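Please consult the sequence and structure shown here.

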Amino acid sequence: MAELRYCLAWKRPDGSFQPGETFASFAEAATALSAWQPQSHSGALSTQEPCCTDQVEIWCSCQDEPATVLSRPRYSFVVYGTVAGGGGDGSEAAPWWGLQEAITGLVELERSGQLALRHGQRLRLCHREVFATSAGQKRKARAENIAKTVFMAMALMLVAPVLAILVYLLVKGWPALSLSFFLENPRERMTAGGIWAPLVGTFFLVFISLLLAAPVGILAGVYLNEYARDNWLTRIINLAVVNLAGVPSIVHALFGVGVIMFFAELRRNYGIWVPFEDRCLLAASCTLAVMTLPVIITSTREALASVPMSFREACWNMGATRWQTIRTIVLPNSISGILTGVILQVSRAAGETAPILLTGAVFSVPVPDHGWRAFVPYGLHDRCMALSMHLYTISTQVVNVPEHVEYGTAVVLIGLVLAVNSASIALRVYLRSRKKW
Amino acid sequence: MKTKTEPAARPSSSPGESPSSGRSEVHICFRNVTVNYASVVALREINLEVYRREILGIIGPANSGKSTLLRCINRTLDFVPGAKVTGQLLIDGQDVLKVRNVYALRRRVGMVFPLPVGLPLSVYENVAYAPRRAGVRQRHELDAIVERCLRQAMLWDEVKDRLDILGTKLSGGQQQRLTLARALSLDPEILCLDEFSIAIDPVTTMRIEDILRELKQRMTIVLVTNLVQQARRLADRTAFFMAGRLIEVGDTENIFEHPQCELTRRYVEGDFG
Ligand SMILES: Nc1ncnc2c1ncn2[C@@H]1O[C@H](COP(=O)(O)OP(=O)(O)O)[C@@H](O)[C@H]1O
Ligand SMILES: [Mg+2]
């Protein structure tokens with residue numbers, strides 16, 4: 001077998017390697033590296049392409065015979081800059097500092113037998129700037145990018161259904177949408193006219209339910225976050241709140257019916273005053289209020305908890321009472337979060353059908369077209385119409401309703417929800433921009 | 001009312017009594033105070049007296065119960081669930097632990113904790129906060145209080161032209177001085193400082209130390225500090241705490257020059273391996 005030869009090769013600008021001198025021993029080849037000046041863009045190197053010298057390879061081949069070169073070098077070492085005395089082993093993690101150290105290290109490695117090039121194998125020595133990205137870092141960056149893209153794709157997939165639904169509804173319902181659609185009452189067994197009566201009904205339902213739920217929920221949230229100690233009572237309340245939030249809305253509806261019947265019985269048998277004794281606007285609003293209450297409590301607590309404890313302690317240290325602290329520091333800095341939570345419940349209450357279906361909303365209520373009664377068509381103890389209920393009615397219970405009326409109603413309902421949600425987001429963004437710490 | 005108790009037997013107290021007899025009127029008196037946090041005993045049977053209008057330095061390694069001691073004085077331990085205090089803590093002979101109106105108590109005790117807290121109010125309102133809650137309404141009175149406190153906290157020159165910016169927007173060191181100004185805003189008779197200088201630069205610290213020497217004419221100051229030298233510079237007497245026990249208390253000079261206790265000597269000489 002022919003004697004092994006060691007050949008230095010420089011990297012060309014195109015990435016291929018340009019073979020240079022050939023040496024009889026590895027040590028000689030390594031020593032010849034001294035002439036290699038990693039930063040020699042100035043052309044100090046005597047090779048043909050002086051501009052690209054940040055990588056050099058030592059090939060092992062038989063004399064005169066061009067080696068069949070493997071695609072990857074067998075060994076790869078790194079040199080950082082020219083700072084001396086860093087002390088590394090030439091690996092990616094602990095590079096050699098400076099060329100002299102690299103050469104000493106290489107020769108040492110070869111002598112100890114840790115480094116043995118066989119025929120056709122290569123050793124690569126790369127020069128890196130200290131802060132240049134290494135291959136490992138590039139790999140990490142690539143993984144990072146892939147992860148980011150995947151996550152973003154998932155997030156974007158959320159947008160797709162919303163857009164699809166919106167566009168579909170808008171296209172289908174477009175012919176129905178006009179000012180009179182909003183302002184007219186349903187006519188001719190709901191096959192013509194507009195949605196005024198149910199729209200007003202929804203407005204009343206949501207307004208009254210929030211009037212009931214917001215104060216109770218906010219005050220309860222303040223109590224739970226600011227006053228309650230961690231004892232069994234607090235834990236029971238927390239458990240109740242969590243469970244109430246998880247109750248399906250149809251169960252709320254049945255519960256509402258139960259309360260109505262209970263009230264009616266109280267009234268009939270004992271003559272006690274009760275707020276309602278039959279299905280009506282008030283009963284439906286109360287049901288909605290019970291349904292939204294736990295979420296309002298939770299969001300209030302979260303908003304309050306976002307005010308750092310240290311503010312409260314600072315106030316208490318100055319002799320402020322709990323209420324003074326809440327009034328002057330905690331509430332002013334959490335009111336935005338609290339309101340956002342409440343507003344979000346508007347859209348939830350407006351969209352629900354089940355709870356009102358059994359407790360106060362009906363298919364159709366004759367509503368006057370003119371006069372002040374057109375604006376206050378329902379008393380607290382009247383039954384009312386509601387948008388979600390109306391949509392359900394015209395799309396499943398009534399025949400011969402033009403398609404565009406159905407879709408138009410749906411557009412209005414979803415538009416209301418979107419508008420309210422956007423308003424709450426806008427409010428939050430605005431208030432966050434004025435965040436005080 | 002006032003109690004003129006002779007200094008009770010102090011644990012390994014220095015032989016020399018406090019040099020000026022005018023100072024020996026007891027202001028705060030701990031009698032067998034023990035504090036538990038659930039299972040941790042943070043303070044064990046503390047017997048300690050703080051004289052009126054002195055600076056008492058409290059030194060000791062971390063977790064030795066120094067902060068807990070201060071929290072007892074203004075009853076903010078009430079806010080820590082599971083914290084239990086036993087014993088007697090007398091301020092002017094009144095047992096603090098039995099006080100009903102803790103708010104009045106806290107107004108008499110100014111407190112500065114190590115972490116700077118700027119309330120999310122303007123600088124002016126930060127300082128005026130406590131006086132307002134205590135019933136000061138007149139604008140000119142508030143103005144005077146705000147200026148006095150900010151001056152005492154060495155913050156006035158830096159913020160006098162922008163009293164309306166948010167306290168939370170000040171730098172850390174400024175916020176710490178704001179905290180100090182708030183503590184002074186009710187002109188308390190006791191001022192508790194817990195490592196107040198860790199966020200403040202050395203030059204300002206020195207100037208605040210001068211102010212503290214001045215304030216000493218009017219109030220009793222309990223100064224918890226990690227900087228042994230700060231206690232040496234400022235304190236009339238120094239108490240050394242370790243692992244919840246009061247190891248030694250005495251005139252600062254004695255504590256630093258002739259400590260009775262080996263532990264104290266090693267701590268003040270920085271010789272804990
Ligand atoms: N809120 C707390 N809950 C439970 N343990 C506490 C609490 N605060 C302090 N401790 C414990 O009490 C001991 C004394 O703490 P502290 O008074 O803060 O010491 P120092 O201020 O000297 O560092 C420590 O062991 C600490 O872990
Ligand atoms: Mg502490």
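Which element supplies the largest share of the shell around ligand 1? The largest share, three residues, comes from H1(B). The model is predicted: local features need pLDDT of at least 70 and side-chain atom pairs pLDDT 80 or more, whereas totals for chains, interfaces and linings use all residues. Residues are numbered from 1 along each chain as written, chains are lettered from A and ligands numbered from 1 in written order, and side-chain values use heavy atoms, without hydrogens and water.

**Ligand site**

Helix H1 (66-73) and strand S2 (40-51) of chain B each supply at least two residues of the shell around ligand 1; helices (H or I, at least four residues) and strands (E, at least two) are DSSP runs numbered from the N terminus. The residues around the ligand, those with a heavy atom within 4 Å of it, include B:Tyr37, B:Pro61, B:Asn63 and B:Val80. By class, the shell holds six nonpolar, five polar and one charged residue. Here Ala, Val, Leu, Ile, Met, Phe, Trp, Tyr, Cys and Pro count as nonpolar, Asp, Glu, Lys and Arg as charged, and the others, Gly among them, as polar.

| Residue | Protein atom | Distance |
|---|---|---|
| B:Gly65 | backbone N or O | 3.1 Å |
| B:Lys66 | side-chain N or O | 2.8 Å |
| B:Thr68 | polar side-chain atom | 2.4 Å |

On its own, ligand 1 has 560 Å² of accessible area (Shrake-Rupley method, 1.4 Å probe), of which the protein covers 65%.

**Helix pairings in chain A**

The axes of H11 (residues 335-351) and H14 (residues 403-433) of chain A are 9 Å apart, at an angle of about 175°. Axes are lines fitted to C-alpha atoms, for helices over the stretch in contact, with angles from 0 to 180 degrees between N-to-C directions. H11(A) and H14(A) are therefore roughly antiparallel, the term for angles over 145 degrees. Their contact (heavy atoms within 4.5 Å) involves, among others, A:Leu339 and A:Ile343 in H11(A) and A:Val417 and A:Leu427 in H14(A). Its residues divide into ten nonpolar, five polar and one charged.

The axes of H5 (residues 196-227) and H13 (residues 387-396) of chain A come within 7 Å and cross at roughly 140°. A:Pro198, A:Leu199 and A:Thr202 in H5(A) meet A:Leu387, A:Ser388 and A:His390 in H13(A).

Terms used:
A polar contact is a pair of N or O atoms within 3.5 Å; within protein, one must be able to donate a hydrogen and the other to accept it, and residues adjacent in sequence count only if both atoms are side-chain atoms. Angles under 35 degrees count as roughly parallel, over 145 as roughly antiparallel, 65 to 115 as roughly perpendicular and the rest as oblique.
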